[in-house]
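Visitor: Hi! I have a new structure open and would like a quick tour. Could you walk me through it?

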Amino acid sequence: MDMPLADTEATALIRVGETCERQIRFTRDDIAAFARLTGDSNPLHHDVQAAQRARHGEIIASGQQTTAMMIGMAASHFSRSDDGEARELLCLNFNFAFKAPVFAEQDLLVHWRVASVEWNATLGGWLAHVDGRATVRNAHPSVVGRGTLLVKAATP
């Protein structure tokens, strides 16, 4: 696939500055179920007494639960077709840093922003670098992340 003739093709699929966000909340049951499903037996995810004795004092979500929601939201948003543009998406890479715990029953705002977009002829699509965060309202981010996405126009 040759490089598109105009930047408007890239803009139609993914744009620098484009954002998506969603509010999520994990219940204690959600946290315990996710931990069981993923083989995470850390008692901080399911045992209230153990969590109360620990530094945080309350059930916390596993890091992988929060990052799974972040990746899922990015994949859903950047593969959407509800704007009339059919896309194919591959999530190529994500890196995360855990800054603070995510407690049960907290509202968490998950946010991604496209930092850069460039054409990659070898892969036949647009490489986008996205910056993300999951933040408890009125607090510093609990999780920050960076991802690399490959976005292509869907073939009929």
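Visitor: Let's start with the helices. Which residues in H2 meet which residues in H4?
Guide: Asp30, Ile31 and Phe34 in H2 meet Gln64, Gln65 and Ala68 in H4. Contact here means heavy atoms within 4.5 Å, and helices (H or I, at least four residues) and strands (E, at least two) are DSSP runs numbered from the N terminus. Please keep in mind that this is a predicted model, where local features need pLDDT of at least 70, side-chain atom pairs count only at pLDDT 80 or more, and totals for chains, interfaces and linings use all residues. Residues are numbered from 1 along each chain as its sequence is written, and side-chain values use heavy atoms, with hydrogens and water left out.

Visitor: Thanks! At what angle do the axes of H2 and H4 cross?
Guide: They cross at roughly 95°, and the axes of H2 (residues 28-37) and H4 come within 9 Å. Axes are lines fitted to C-alpha atoms, for helices over the stretch in contact, and angles run from 0 to 180 degrees between N-to-C directions. H2 and H4 are therefore roughly perpendicular to each other; the classes are under 35 degrees for roughly parallel, over 145 for roughly antiparallel, 65 to 115 for roughly perpendicular, and oblique for the rest.

Visitor: And which strands does H4 lie across?
Guide: H4 lies across S1, S2, S3, S4 and S5, and runs at about 150° to S2.

Visitor: Is serine 62 buried or exposed?
Guide: Buried, because its relative accessible area is 2%. The scale is under 20% relative accessible area for buried, over 50% for exposed and partly exposed in between, using a 1.4 Å probe and protein chains only.

Visitor: On to the sheet. What is the strand order?
Guide: The 5 strands form an open sheet in the order S1-S3-S4-S5-S2, with antiparallel pairing. S1 and S2 are the edge strands, each pairing on one side only. From one strand to the next, the twist averages 20°. Two strands pair if DSSP finds at least two bridges between them.

Visitor: How many bridges join S1 and S3?
Guide: S1 and S3 pair in the antiparallel sense over 7 bridges. Arginine 22 stands opposite valine 110 in S3, and arginine 25 has aspartate 107 in S3 as its bridge partner.

Visitor: And S3 with S4, how many bridges there?
Guide: S3 and S4 have 12 bridges, again antiparallel. Leucine 109 has threonine 135 in S4 as its bridge partner. The hairpin of S3 and S4 has 4 residues between the strands, and glycine 124 in this hairpin takes a positive phi near 70°.

Visitor: Which residues other than glycine have a positive phi?
Guide: Glutamate 105 is one of them, with a positive phi of about 65°. Glutamate 105 lies in the loop between S2 and S3 and counts as partly exposed at 34% relative accessibility. Asparagine 138 also has a positive phi, near 60°. Asparagine 138 lies in the loop between S4 and S5 and counts as exposed at 79% relative accessibility.

Visitor: Changing topic: how many aromatic pairs are there?
Guide: The structure holds 4. Rings of Phe, Tyr and Trp (its six-membered ring) pair if their centres lie within 6.5 Å; planes under 30 degrees apart count as stacked, over 60 as edge-to-face and the rest as tilted. One of the pairs is phenylalanine 96 with tryptophan 112: the centres are 6.4 Å apart and the planes at 70°, so the pair is edge-to-face.

Visitor: Where in the chain are those two?
Guide: Phenylalanine 96 is in S2 (residues 87-98) and tryptophan 112 is in S3 (residues 107-120), 16 residues apart, so the pair links distant parts of the chain. Phenylalanine 96 is partly exposed at 23% relative accessibility, whereas tryptophan 112 is buried at 0%. Phe94, Phe96 and Trp112 form one aromatic cluster.

Visitor: Last one: which residues of the largest nonpolar core touch the most other members?
Guide: Phe78, Trp112 and Leu149, out of 33 residues. Such a core is a set of buried Ala, Val, Leu, Ile, Met, Phe, Trp, Tyr and Cys residues joined through side-chain atoms within 4.5 Å.
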